[in-house]
Amino acid sequence: MKIKLSVQVTLAALATIAAAALPVVSAQAAEVEVLHYWTSGGEAKSVAELKKMMEAKGITWKDFAVAGGGGENAMTALKARVIAGSAPTAAQIKGPSIQEWGKEGVLANIDAAATEGKWEANLPKVVSNVMKYQGHYVAAPVNVHRVNWLWINPEVLAKAGAKAPTNFTEFFDAADKIKKAGMIAVAHGGQPWQDATVFESVALGVGGADFYKKAIVQLDPASLTGPTMIKTFETLAKIKTYIDKDAAGRDWNLATAMIINGKAGMQFMGDWAKGEFTAAGKQPGKDYLCMPAPGTDKAFTFNIDSMTMFKVKSAEEQKSQLVLAGAIMSPEFQEVFNLNKGSIPARAGVSRAKFDSCAIKSMDDMDATSKNGGLVPSFAHGMAIDSAKAGAFQDVIAKFMNSSMTPQAAVLALAKAAKAK
Ligand code: BGC
């Protein structure tokens, strides 16, 4: 997920090379080109709704999809296009990275859409703050994903004589039973961003929201190297022993498929996983369970997807861009997109009627945790710290997952990574 942007100078220096390598094709009038990495079954269904909506408004949708969970490949493709002077109309960029792109001077001001759609009144501050650069809207939020979930196949649990865990003692008890019954206890894909996703839920479960904030958001050296972080890595090391030997490189949706088809019992993953269950026609509470990751029921790790808007050349393109921003924030889009995506609407004023029990729990928990301090930004999904530090953290965690590195060595490496620039 290293998405560190180069400074202007480097951009300029690279522009010549990239321009020669890439055809310069920018969006035409009444057309939007949208870069995203929503390519799994559930994700593709979700983004298709936006395409449909734009086409109904007479605007052509030029799809710029770059596969790869977590978006690392997409960010590489985006940088090449921006350097070549042919940025897309919008790109799936979120969190502090929006500020990094803002500093490059390449983002479009979409205040006109925000005023027209009354965004200030309809967005919680925790969302609207992220969408602005120097006080102006440059991005439109599509959703709020909760990351600290555990996805469970109840049939696997029943076969193993295990019960759904609420804390780590119960989690390891269930994992032991599933393993003994000859099934895979933990479905996982060995990719750095997935490792980081598990790590942050474990840190939250082991240490609680205050510890998470101190260590992972404020980067307090004592919290990064102290006993709670050591226990986090010890817990992670134990989880490793329940992951199957074929996990290396596996995509997240294939790990979710292992839960869907009963090969594995439990998966730590954000609620884009629910999009896969939904696309497979599965019902929550019956075919699968969504539980807060062990020990995290009083907390909520948020991950807000947004479409960040790039400066476009003609007045016609600007018009289409504002229509896109308006469509994204419409209650109709926020409902249908999030029903498919597994997330919840980013804005107020969307009916809850069609949402399932996992989404309702997410809505209620977000509300409660925003009042009691349990609402924390996801580091693994680019919400908590700048991309250089997030990338360095991710490297340490991936190394830990793929070697015999000790928890003691890992916490020291993490404290060093917190200084990455
Ligand atoms: C994004 C989700 C996406 C997931 C898997 C997350 O970082 O926020 O929208 O579904 O990665 O690619």
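User: What share of the contacts in the chain with a separation of 6 or more comes from residues 24 or more positions apart?
Analyst: In this predicted model, such residues account for 78% of those contacts.

User: How does the radius of gyration fit with a compact globule?
Analyst: The chain has a radius of gyration of 21 Å, which agrees with the value near 22 Å that a compact globule of 421 residues would have. The C-alpha trace spans about 65 × 45 × 40 Å along its principal axes.

User: And how many of the residues are buried, as a percentage?
Analyst: Of the 421 residues, 58% are buried. The chain exposes about 16300 Å², and 57% of that area is supplied by carbon and sulfur atoms.

User: Changing topic, how many helices and strands are there?
Analyst: The chain contains 19 helices and 14 strands.

User: How do α10 and α12 pack?
Analyst: Helix α10, residues 192–217, packs with helix α12, residues 227–240, at an angle of about 170°, and their axes are 8 Å apart. Because angles over 145 degrees count as roughly antiparallel, α10 is roughly antiparallel to α12.

User: Which residues make that contact?
Analyst: From α10, the contributors include Val198, Phe199, Val202, Val206 and Phe211. From α12, they include Met229, Lys231, Phe233, Leu236 and Ile239.

User: Which classes do the residues of the contact belong to?
Analyst: The contact of α10 with α12 has 12 nonpolar, 4 polar and 1 charged residues. Among the contacting residues, Lys231 of α12 belongs to a type that counts as charged, while Gly207 of α10 belongs to one that counts as polar.

Note on methods: Residues are numbered from 1 along each chain as its sequence is written. This is a predicted model: local features need pLDDT of at least 70, side-chain atom pairs count only at pLDDT 80 or more; totals for chains, interfaces and linings use all residues. Side-chain values use heavy atoms; hydrogens and water are left out. Axes are lines fitted to C-alpha atoms, for helices over the stretch in contact, and angles run from 0 to 180 degrees between N-to-C directions. Helices (H or I, at least four residues) and strands (E, at least two) are DSSP runs, numbered from the N terminus. Angles under 35 degrees count as roughly parallel, over 145 as roughly antiparallel, 65 to 115 as roughly perpendicular and the rest as oblique. Contact means heavy atoms within 4.5 Å. The radius of gyration is taken over C-alpha atoms; the globule rule is 2.2 Å times the number of residues to the power 0.38. Buried means under 20% relative accessible area, exposed over 50%, partly exposed in between (1.4 Å probe, protein chains only). Accessible areas come from the Shrake-Rupley method with a 1.4 Å probe; for residues, only the protein chains shown count as cover.
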